Structure formats: structure tokens, C-alpha cells
Amino acid sequence: MKINVEEILFVIVLYKEKLADSQSFQTITNSIKSLGLDNKKVTLYVHDNSPEDQILGKDYIWEFVYHSDISNSGLSIAYNNAALFGEKGDYKYIFLLDQDTTFPENTISTYIDAINLHTDISLFVPILKIADGRIMSP
């Protein structure tokens with residue numbers, strides 16, 4: 001069984017930042033574009049903890065699901081709500097993002113390759129590095 005990108009629910013949590021300005025959104029969008037998808041949309045669940053709602057425009061790559069949480073319930077609530085949404089939508093994987101992580105262009109293809117190669121593994125965690133290149137514990 002080979003997984004494809006449409007079977008992954010991407011989740012981003014925002015706080016006082018527009019989606020289009022988010023480093024995570026910008027770099028993960030570039031990674032999706034590098035796959036060369038034609039006429040396919042990938043779902044992005046946006047949990048916005050900001051005190052004011054934002055309006056998301058249309059995008060030729062993303063199908064947006066927007067959840068406003070002006071009470072700023074935190075990351076665990078955001079990720080759990082997204083997981084429930086993903087379960088109902090029958091997504092096979094969830095890709096969790098915050099607003100300020102950057103990714104290399106090959107990120108999505110690397111994860112898809114890892115999932116397809118290691119079907120017995122259900123959680124993939126990257127090695128996180130801070131700006132000076134030192135590894136930060138996940």
C-alpha cells in the first residue's frame with residue numbers, strides 16, 4: 001500500500017500571525033509544489049489561536065479547513081481537534097506544524113518515502129535544529 005500526499009492531513013497552529021506570513025506555511029507549500037501535483041488539493045487544517053479571525057483566500061494547492069479559537073486553548077487542544085477531524089475524514093497520517101518552523105523543499109517527498117518504506121512505523125519525528133545548527137531535543 002503506497003500512501004500519497006492527499007492522505008495526509010496537514011495541521012498548522014497560528015497565534016497572531018497571518019497564514020500567508022507563516023514560515024511553516026511558506027516552506028511546506030514549496031515542498032508540496034515540488035511534488036508537481038496537477039489538479040489535486042491537499043488539506044490544511046488551520047487552528048488559529050489569535051484574538052481575531054482571519055479570512056483565508058483560495059489556493060490552488062490547499063483545501064483549507066479553518067478553526068478559530070480566540071480563547072487560545074493551546075497546542076494540545078488544537079492538535080487533538082485536528083486529529084478528530086482527520087479521523088472523521090479518514091486521513092491516514094497527520095503532519096503537525098507550528099507557525100515558525102522552516103522545512104527543506106524535499107520534506108514531503110522524504111516523509112512519503114519513509115512512510116512507504118517503513119509501513120510498520122506509525123510516528124515519524126524529525127531531528128530539530130536551532131538556527132546555529134545544534135540539535136534541539138524533540
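1. At 10% relative accessibility, F25 counts as buried, where buried means under 20% relative accessible area, exposed over 50% and partly exposed in between, computed with a 1.4 Å probe on protein chains only. W62 is likewise buried, at 1%. The model is a predicted one, in which local features need pLDDT of at least 70 and side-chain atom pairs count only at pLDDT 80 or more, while totals for chains, interfaces and linings use all residues. Residues are numbered from 1 along each chain as its sequence is written, and side-chain values use heavy atoms, with hydrogens and water left out.

2. Aromatic pairs. A search of the whole structure finds 8 aromatic pairs. Rings of Phe, Tyr and Trp (its six-membered ring) pair if their centres lie within 6.5 Å; planes under 30 degrees apart count as stacked, over 60 as edge-to-face and the rest as tilted. The pair of F25 and W62 is tilted because the planes of the two rings stand at 40°, with 6.2 Å between the centres. This pair links distant parts of the chain, F25 being in helix α1 and W62 in strand β3 (residues 62–68), 37 residues apart. Helices (H or I, at least four residues) and strands (E, at least two) are DSSP runs, numbered from the N terminus.

3. How are the rings of F95 and Y111 arranged? They form an edge-to-face pair, 5.2 Å centre to centre and with 80° between the planes. F95 lies in strand β4 and Y111 in helix α3 (residues 107–117), so the pair ties together parts that are 16 residues apart in sequence. Both residues, F95 and Y111, are buried. Ring pairs also join F10, F25, W62, F64, F95, F103 and Y111 into a cluster.

4. Nonpolar cores. A nonpolar core is a set of buried Ala, Val, Leu, Ile, Met, Phe, Trp, Tyr and Cys residues joined through side-chain atoms within 4.5 Å. The largest has 23 residues, of which F10, W62 and F95 touch the most other members. The elements β1, α1, β2, β4 and α3 each give two or more residues to this core. A second, separate core of 7 residues includes L9, Y45, Y79 and A82.

5. Contact means heavy atoms within 4.5 Å. Leaving aside neighbours within four places in sequence, F10 is in contact with V5, I28, I32, V42, T43, L44, Y45, W62, F95 and I108. T29, which lies in helix α1, is buried with a relative accessible area of 9%. With neighbours within four places in sequence again set aside, T29 is in contact with I61 and W62.

6. Helix α2. This helix has 14 residues and reaches 20 Å from its first C-alpha to its last, close to the 20 Å expected at 1.5 Å a residue; the expected span is 1.5 Å times one less than the number of residues. Which residues of α2 are buried? They are A78, Y79, A82 and G86. These residues lie on the same side of α2 because they cover an arc of only 90° around the axis, the arc being that of the directions from the helix axis to the C-beta atoms. An α-helix has 3.6 residues a turn, so residues three or four places apart point the same way.

7. Surroundings of α2. The buried residues of α2 pack against β1, β2 and β4. The face of α2 turned away from its buried side carries the exposed residues E87 and K88. Just after α2, D90 takes a positive phi of about 65°.

8. Salt bridges. The structure holds 2 salt bridges, a salt bridge being a side-chain nitrogen of Lys or Arg within 4 Å of a carboxyl oxygen of Asp or Glu. In one of them, E7 is joined to K92, the closest N and O atoms being 3.6 Å apart. This pair links distant parts of the chain, with E7 in the segment before β1 (8–14) and K92 in the loop between α2 (75–88) and β4 (93–97), 85 residues apart. K92 is partly exposed, at 40% relative accessible area. D132 forms a salt bridge with R134, where the closest N and O atoms are 2.8 Å apart. D132 counts as exposed at 52% relative accessibility, and R134 counts as exposed at 52%.

9. L35. This residue is found in the loop between α1 (23–33) and β2 (42–48). L35 is partly exposed, with a relative accessible area of 29%. Not counting residues up to four places away in sequence, L35 touches V5, I108 and S109. L35 and V5 are 30 residues apart in sequence, and their C-alpha atoms are 9.0 Å apart in space.
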